[in-house]
Amino acid sequence: MHLALAIALSAALFTVGVYGVLVRRNAILVLMSIELMLGAVNLNLVAFDLLHHDRLRSGQVLALFVIAIAAAELGLGLAIVLLVYRNHGTIAIDAVRDHADRDPATVDRAS
Amino acid sequence: MTGLDVAVLGFGLLMLAAAVAVVTTKQLVHAALWLVVSFAALAACYLLLTAEIVAWVQVLIYVGAIVVLLLFGIMLTRSPTGPSSDVDTRNRWPARTVALAVGALLASTAIGPFWSTYLPLSASSAGSAKVLGTALFRFWVLPFELLSLLLLAALVAAVVLTRAKTGRSDRPVLARSSSGRGPAIGAGRR
């Protein structure tokens, strides 16, 4: 099969993931979009492994590693999201602004 | 264009359609379920590319574990299960612009050099359990074991994060605010 087909599919999937990360408010939906981007990377890795066909099977082994690391990342990410939910009562990522760069004048006025 | 191309294109379009549904649906649970469809179609693409082990690991870990974890996260954060109108931020058009720019950059740089490259897939056992297992446990043993350590560390970290917050919420409010470990829950919302 054509390699360009796999590359085009993976680029399109990565595009959808980037859009999801940028547009979603809910932190869990952002995590889902990150998983979509990792899936696009894996598709690329598998396709190029079949092209190079080396003895170490680098591409497919690296795809397996990416899947395992994605599982670890998602476990930690969900734990952090739950912690944010306990402390703030929301997981909307534009509502959690404790560390936002505020204008000092408005902060003084508010406090 | 061979039959294999058509099959990969079909599953790829299914994968893309489900991914678009993940990032546009108004219901969180539907997003998780569309994620299942998308990853299953991606696993079918791996199978067609003769990467059997990656395909089944994808099904086991993504469809089996990660989506269940995400559904638990949706439940534990008491997110609305019905359709909600505020799942997206207001900057939808900038996000579209940036995403399309990234996609155009990727497509223009990656597709060009491989436009006429053809993958020889016939009678290839490149991704079978025997070949990949030999490579994994002969050449990649050390990274593999390090990965198990990483998973253990992530597990312990998740447990520590969860225990810290349950231990704190058992105490009365006054003790919590004077414990010095960050602001109390009421004071945190300024």
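The lining of the second largest pocket is made up of six nonpolar, six polar and three charged residues. This pocket belongs to a predicted model, and its volume is about 230 Å³. The largest pocket, in turn, has a volume of about 340 Å³, and its lining holds no charged residues. Four salt bridges are found over all chains.

**Second largest pocket**

- In total, 15 residues line the second largest pocket.
- Nearest the centre of the second largest pocket are A:N26, A:T90, A:I91 and A:A92 from chain A and B:P80 from chain B.

**Largest pocket**

- The lining of the largest pocket consists of 16 residues, and those closest to the centre are A:G75, A:L76, B:L69, B:L155 and B:A158.
- Helix 3 of chain A contributes the most, with seven residues.
- By class, 13 of the lining residues are nonpolar and three are polar.

**Nonpolar surface patch**

- On the surface, B:L142, B:L146, B:L149, B:L152, B:L155, B:V156, B:V159 and B:V160 form a nonpolar patch.
- Together the residues of this patch have about 780 Å² of accessible area.
- One of the patch residues, B:L146, is located in helix 6 of chain B.
- B:L155 is part of the patch and is also among the residues closest to the centre of the largest pocket.

**Salt bridge between the chains**

- A:R24 and B:D88 form a salt bridge in which the closest N and O atoms are 2.7 Å apart.
- The pair joins two chains, because A:R24 lies in the loop between helix 1 (3-23) and helix 2 (27-52) of chain A, while B:D88 lies in the loop between helix 3 and helix 4 (92-110) of chain B.

**Transmembrane annotation, chain A**

- In an unreviewed UniProt entry, the annotation "transmembrane region" covers residues 30-51 and 63-85 of chain A.
- Residues 30-51 of chain A are 100% helix and 0% strand, with end C-alpha atoms 32 Å apart.
- For residues 63-85 of chain A, the end C-alpha atoms are 32 Å apart, and the span is 100% helix and 0% strand.

**Transmembrane annotation, chain B**

- For chain B, UniProt (unreviewed entry) places the feature "transmembrane region" at residues 6-24, 31-49, 55-77, 98-119 and 139-161.
- Residues 6-24 of chain B are 100% helix and 0% strand, and the end C-alpha atoms of this span lie 27 Å apart.
- Residues 31-49 of chain B are 95% helix and 0% strand, with 27 Å between the end C-alpha atoms.

Terms used:
Residues numbered from 1 in each chain as written. Chains lettered and ligands numbered in written order. Predicted model: local features only at pLDDT ≥ 70, side-chain atom pairs only at ≥ 80, totals over all residues. Heavy atoms only, no water. 1 Å grid on protein atoms, 1.4 Å probe; cavity = no way out; pocket = protein on both sides within 12 Å on 5 of 7 lines; lining within 4 Å. Points joined across faces, edges and corners; volume = space filled by probe spheres on them. Helix = DSSP H or I, 4+ residues; strand = E, 2+ residues; numbered from the N terminus. Nonpolar A, V, L, I, M, F, W, Y, C, P; charged D, E, K, R; others polar. Patch = residues over 30% accessible without salt bridge, like charges linked within 9 Å, V, L, I, M, F, W, Y side chains within 5 Å. Areas by Shrake-Rupley, 256 points an atom, 1.4 Å probe, with all protein chains shown as cover. Salt bridge = Lys/Arg side-chain N within 4 Å of Asp/Glu carboxyl O. UniProt positions renumbered as here; feature names shortened; annotations may be inferred.
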